[in-house]
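Colleague: I have a model open and would like to learn how to read it. Could you take me through the features one by one?

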Amino acid sequence: MTINKLIAKIEQWHDDHNLIEGATDKDQVLKLVQEVGELSDSVCKNQDIRDDIGDITVVLINIMARNSLTLEECLAVAYDDIKDRKGKIVDGIFVKD
């Protein structure tokens, strides 16, 4: 299945479960933080992280749909922000100049 079909199915699932009209961005950001915590737990335990990353993406798709944004649009804005960034790796973390 293509990424666009998966996104459409996820958006429909959100709509079917009243997570567009029945939730808020604040609700969804709180859910996102919970899912990031699960990812952190899996990383620390050296477990499979695919479901955690998928769950995070599902929540982000909800937030994007609620705000009439697309994944491509958000990634393009983020890339434009980082493309010329300079910095270095410190203790495994990129620190911008």
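Modeller: We will go from confidence to helices, charges, surface and backbone.

Colleague: Start with confidence, then. What does the protein average in pLDDT?

Modeller: This is a predicted model, and the protein averages a pLDDT of 95. Of the residues, 100% score at least 70.

Colleague: Where is confidence lowest, and where highest?

Modeller: Strand S2, residues 93-96, is lowest, at a mean of 88. H2 is highest, at 98.

Colleague: Now a helix. What should the 14 residues of H1 span?

Modeller: Take 1.5 Å a residue, multiplied by one less than the number of residues. H1 should then span 20 Å, and its end C-alpha atoms are 20 Å apart, so the two values agree.

Colleague: On to charges. How do I read a salt bridge?

Modeller: The general idea first. Side chains of opposite charge can pair when their charged atoms come close. In this structure, a search of the whole model finds six salt bridges.

Colleague: Which residue forms a salt bridge with Arg-66?

Modeller: Asp-25 does, with the closest N and O atoms 2.9 Å apart. This pair links distant parts of the chain. Arg-66 sits in helix H3 (residues 50-66) and Asp-25 in helix H2 (residues 25-44), 41 residues apart.

Colleague: Which residue meets Lys-45 in a salt bridge?

Modeller: Asp-41, at 3.2 Å from N to O. Lys-45 is partly exposed at 48% relative accessibility. Asp-41 is partly exposed at 35%.

Colleague: And which residue pairs with Asp-80 in a salt bridge?

Modeller: Lys-83. The closest N and O atoms of Asp-80 and Lys-83 are 2.6 Å apart. Asp-80 has a relative accessible area of 48%, so it is partly exposed. Lys-83 is partly exposed too, with 40%.

Colleague: Next, the nonpolar surface. Which residues make a nonpolar surface patch of about 330 Å²?

Modeller: Met-1, Ile-3 and Leu-6 make it. Patch members need over 30% relative accessible area. Leu-6 has 37% and is partly exposed. Leu-6 lies in helix H1.

Colleague: What about Glu-21: where is it found?

Modeller: In the loop between helix H1 (3-16) and H2. Glu-21 is exposed, with a relative accessible area of 69%. The C-alpha atoms of Glu-21 and Ile-63 are separated by 11 Å, and the two residues are 42 apart along the chain.

Colleague: Now cysteines. How should I check for disulfides?

Modeller: A disulfide is a covalent bond between the sulfur atoms of two cysteines. The cut-off here is two sulfur atoms within 2.5 Å. By that rule the count is zero disulfides.

Colleague: Is Cys-44 buried or exposed?

Modeller: Cys-44 is exposed, at 68% relative accessibility. Cys-74 is partly exposed, with a relative accessible area of 30%.

Colleague: Where is Asn-18 placed?

Modeller: In the loop between H1 and H2. Asn-18 follows H1. It is partly exposed, with a relative accessible area of 44%.

Colleague: What is the phi of Ser-68?

Modeller: Positive, about 55 degrees, although Ser-68 is not a glycine. Ser-68 lies in the loop between H3 and helix H4 (71-82). With a relative accessible area of 66%, Ser-68 is exposed.

Note on methods: Residues numbered from 1 in each chain as written. Predicted model: local features only at pLDDT ≥ 70, side-chain atom pairs only at ≥ 80, totals over all residues. Heavy atoms only, no water. Salt bridge = Lys/Arg side-chain N within 4 Å of Asp/Glu carboxyl O. Helix = DSSP H or I, 4+ residues; strand = E, 2+ residues; numbered from the N terminus. Buried < 20%, exposed > 50% of the residue type's maximum accessible area, 1.4 Å probe, protein only. Patch = residues over 30% accessible without salt bridge, like charges linked within 9 Å, V, L, I, M, F, W, Y side chains within 5 Å. Areas by Shrake-Rupley, 256 points an atom, 1.4 Å probe, with all protein chains shown as cover. pLDDT = per-residue confidence, 0-100.
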